[in-house]
Amino acid sequence: MRKSERAEIIRKELKKLYPSPPIPLDHTNAYTLLVAVVLSAQSTDKKVNELTKRLFKVADNPEKMIQLGINGIYEYIKFLGLSNQKSKNIFNLSKLLIEKHNGKVPNSFEKLESLPGVGHKTASVVMSQVFKIPSFPVDTHIHRLSQRWGLSNGDSVVQTEKDLKKIFPVNDWNTLHLQIIFYGREYCTARGCDGTKCYLCRTLYPKRKKKFICKKP
Ligand code: SF4
């Protein structure tokens, strides 16, 4: 089966399973989504949502966030991994937003990626979910599933993003990135599958018999 045929089967199946996937990180505006995505590095969305419920009640914009100070931010997020660094990044990025961007979240990859704690994946999530600019943020779920489904060879997340953008229609990128994440969480977790359980792998790789080993990002 050609890669484009596999992609089409995947696209249709995901559309059927998740016709309109919600954004998993709770937020009330562009700024709170940016902060939530920064917080989500190496943490679960569930944990982030629990903590931001309190944090965003007192600081849902950069001005209020810097009033908390680094230590104040830390108090709200201290149960997350990398909380020291994340507190500093959120404080510094909020300061920069005020100083350079009028307190607004910029809608450019370059400007977003120049903010502390904001890498390409975080910028892609914001561009996709806030500004609706077609993007394909690749997290570990997407990296893993792309290999299991033969859409990318798994050399790096950069390569996976390029491969997915080449194979899927641009207008589907924003939705597909969420659909693949939901599928990864629900069915195709990092452990516990030999690559033969689901309809998708059975259809894409009917002759697969043994465990498929994924490369790490
Ligand atoms: S068969 Fe396994 S690897 Fe394939 S989609 Fe299902 S859970 Fe993922």
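Leaving aside neighbours within four places in sequence, histidine 141 is in contact with Ile180, Ile181, Gly184 and Arg185, where contact denotes two C-beta atoms, placed from the backbone, that lie within 7 Å. The model is predicted: local features need pLDDT of at least 70, side-chain atom pairs count only at pLDDT 80 or more, and totals for chains, interfaces and linings use all residues. Residues are numbered from 1 along each chain as its sequence is written.

Histidine 141 belongs to helix α8, residues 140-148; helices (H or I, at least four residues) and strands (E, at least two) are DSSP runs, numbered from the N terminus. Histidine 141 counts as partly exposed because it has 18 C-beta neighbours inside 10 Å. On this scale a residue is buried if 20 or more other C-beta atoms lie within 10 Å of its own, exposed if 12 or fewer, and partly exposed in between, with C-beta atoms placed from the backbone. One of its contacts, arginine 185, is placed in helix α10. By contrast, a C-alpha separation of 26 Å lies between histidine 141 and asparagine 84, which are 57 residues apart along the chain.

The protein as a whole is divided into domain 1 (3-21 + 136-204) and domain 2 (30-129), with bounds that come from an automatic or database domain assignment. Taken over C-alpha atoms, the centres of the two domains are separated by 27 Å. Six residues from domain 1 and four residues from domain 2 form the contact. On the side of domain 1 that touches domain 2, the residues divide into three nonpolar, two polar and one charged. In this classification Ala, Val, Leu, Ile, Met, Phe, Trp, Tyr, Cys and Pro count as nonpolar, Asp, Glu, Lys and Arg as charged, and the others, Gly among them, as polar.

A UniProt annotation from an unreviewed entry, "domain: HhH-GPD", covers residues 39-186; UniProt positions are given in the numbering used here, feature names are shortened, and annotations may be inferred rather than shown by experiment. Over residues 39-186 the chain is 67% helix and 0% strand, and 22 Å separate the end C-alpha atoms.

The interior can be considered next. In soluble globular proteins, nonpolar side chains tend to be buried together. A nonpolar core is here a set of buried Ala, Val, Leu, Ile, Met, Phe, Trp, Tyr and Cys residues joined through C-beta atoms within 7 Å. The largest such core has 30 residues, of which Leu34, Val35, Val37, Val38, Leu39, Ile90 and Val126 touch the most other members. Two or more residues of this core are given by each of α2 (30-39), α3 (45-58), α4 (62-77), α5 (83-101) and α7 (120-129). Helix α2 supplies the largest share, eight residues. A second, separate core of 21 residues includes Ile10, Trp149, Leu178 and Leu204.

Valine 37 is buried because 25 other C-beta atoms lie within 10 Å. Residues up to four places away in sequence not being counted, valine 37 touches Leu25, Thr122, Val125 and Val126. Its C-alpha atom is separated by 9.8 Å from that of histidine 27, 10 residues away along the chain.

Most residues other than glycine have a negative phi, and most peptide bonds are trans. Leucine 82, in the loop between α4 and α5, has a positive phi near 55 degrees. Leucine 82 is partly exposed, as 14 other C-beta atoms lie within 10 Å. Asparagine 102, in the loop between α5 and α6 (109-113), has a positive phi of about 60 degrees although it is not a glycine. Asparagine 102 counts as exposed because it has 9 C-beta neighbours inside 10 Å.

The ligand is surrounded by Arg148, Tyr187, Cys188, Cys193, Gly195, Thr196, Lys197, Cys198, Leu200 and Cys201, a residue being near a molecule if its C-beta atom, placed from the backbone, lies within 6 Å of it. By class, this shell has six nonpolar, two polar and two charged residues. Alanine 190 is found in the loop between α10 (173-186) and α11 (199-204). Alanine 190 counts as exposed because it has 11 C-beta neighbours inside 10 Å.
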